[in-house]
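Colleague: I'm new to this one. Could you walk me through how to read it?

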Amino acid sequence: MRDCRELDAFRKRVDDTFDHRRLNEAMGEDVPPSAKKLAVWIFGLRSERLPELTAVRVSETPKTRAVYRPAGHGGEDAP
């Protein structure tokens, strides 16, 4: 469990990186971005500072989402 204020810097970085920007420009990839790739990116960004982080879920719509859980956390490594 974390105090939400501890996540303010992370939220700001995500907002600064993605808010009102094209995902392929923000992520710097030559291939189209996806919810799965975004979940992997977010996990990598926070996993060092939040060792208790086990998964990241990104929702594209209320009915579509991607969950990233790396090996050792109940999931598989991303491609």
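Modeller: Start with confidence, as this is a predicted model.

Colleague: How many residues does helix α3 have, and what should they span?

Modeller: Helix α3 (residues 35–46) has twelve residues, which should span 16 Å at 1.5 Å a residue. Its end C-alpha atoms are 17 Å apart, so that agrees.

Colleague: Which residues of α3 are buried?

Modeller: First the general idea: an α-helix has 3.6 residues a turn, so residues three or four places apart point the same way. In α3 the buried ones are Ala35, Leu38, Ala39, Ile42, Phe43, Leu45 and Arg46. They cover an arc of only 160° around the axis, so they sit on the same side of α3. Among the elements covering them are α1, α2, β1 and β2.

Colleague: And which residues have the most contacts inside the largest nonpolar core?

Modeller: In soluble globular proteins, nonpolar side chains tend to be buried together. Here the largest such core has 15 residues, and Phe18, Leu38, Ile42, Val56 and Val58 have the most contacts inside it. Helix α3 gives the most to this core, six residues. Beyond four places in sequence, Phe18 touches Leu23, Ala26, Met27, Leu38 and Trp41.

Colleague: Is threonine 17 buried or exposed?

Modeller: Buried, because its relative accessibility is 14% and the cut-off is under 20%. Threonine 17 lies in helix α1 (residues 8–18), and its contacts beyond four places in sequence are Ala26 and Trp41.

Note on methods: Residues are numbered from 1 along each chain as its sequence is written. This is a predicted model: local features need pLDDT of at least 70, side-chain atom pairs count only at pLDDT 80 or more; totals for chains, interfaces and linings use all residues. Side-chain values use heavy atoms; hydrogens and water are left out. Helices (H or I, at least four residues) and strands (E, at least two) are DSSP runs, numbered from the N terminus. Buried means under 20% relative accessible area, exposed over 50%, partly exposed in between (1.4 Å probe, protein chains only). Contact means heavy atoms within 4.5 Å. The expected span of a helix is 1.5 Å times one less than its number of residues. The arc is that of the directions from the helix axis to the C-beta atoms. A nonpolar core is a set of buried Ala, Val, Leu, Ile, Met, Phe, Trp, Tyr and Cys residues joined through side-chain atoms within 4.5 Å.
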